[in-house]
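Dear colleague,

I am handing over the structure below, and I would be glad if you kept it open while you read my notes.

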Amino acid sequence: MSDVTAELGRRERNKRAKLDRITAAASELFAVHGVDDVTTQQIAELADVGTGTVFLYAKSKGELLLLVQNAHYAEALEEGRAAAATAPDALEALLAVARPIVACNRVQIDNGRTYLKEMAFGDADEPHHRAALDIVARTEVLLSETLLKHEASTPADAPVLAHVISAIMLLAMASAPDPETSVDDVVRDIATQLAAVLAQR
């Protein structure tokens, strides 16, 4: 291995280590205090990096929240995929996809709502925003596959119906700011709307 290659390897490892520290610090502080009550200076201090370094990885607190939450939402999507595989009908399978996503969104209510806002209105050129939209797209693919598996849609209509179902899920989560509203409450709201949509098929 050349000196240049070794130096590049060290730089990449150092960058990865800094990103991991920043992500961990932001995750910890957001979980305890909520995104609105955390400063980038606090994140930098906990991560043991300069404030300027934080902004190399995310240009705003909203981007930092996307960085932190994207991984959680991706895990929730895979949990939903596994649960939907054994559901007996289309409605139950769609709700199996939705439930872990709703649960993820409600771990910290303010963070969940801010995440949805950043996902919808954030800077489309930012990589963490693009990653969030990719999770939405993957969710819609799973919803479409689920509809087809249970013969609840035609191949031509399934992607459009999946987009509608995704919008119902996102709006149900965004419309529940009360911390007393449980995951079950939000899922019941989604279930009512999905039952009506599926009844029209």
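The notes that follow cover a pair of helices and then the salt bridges.

This is a predicted model, in which local features need pLDDT of at least 70 and side-chain atom pairs count only at pLDDT 80 or more, while totals for chains, interfaces and linings use all residues. Residues are numbered from 1 along each chain as its sequence is written, and side-chain values use heavy atoms, with hydrogens and water left out.

Helices here are DSSP runs of H or I with at least four residues, numbered from the N terminus. The axes of helix 5 (residues 90-105) and helix 7 (residues 127-149) come within 9 Å and cross at roughly 160 degrees, the axes being lines fitted to C-alpha atoms over the stretch in contact, with angles running from 0 to 180 degrees between N-to-C directions. The two helices are therefore roughly antiparallel, a term used for angles over 145 degrees. Their contact (heavy atoms within 4.5 Å) includes Val97 of helix 5 and Leu143 of helix 7.

A salt bridge is a side-chain nitrogen of Lys or Arg within 4 Å of a carboxyl oxygen of Asp or Glu, and by this rule the count comes to eight. One of them joins Arg138 and Asp134, at 3.2 Å from N to O, and both residues lie in helix 7, four residues apart, about one turn of the helix. Asp185 forms another with Arg188, with the closest N and O atoms 2.5 Å apart. Glu78, Arg81 and Glu145, finally, are linked in a network of salt bridges.

Best wishes

Methods. Parallel < 35°, antiparallel > 145°, perpendicular 65-115°, else oblique.
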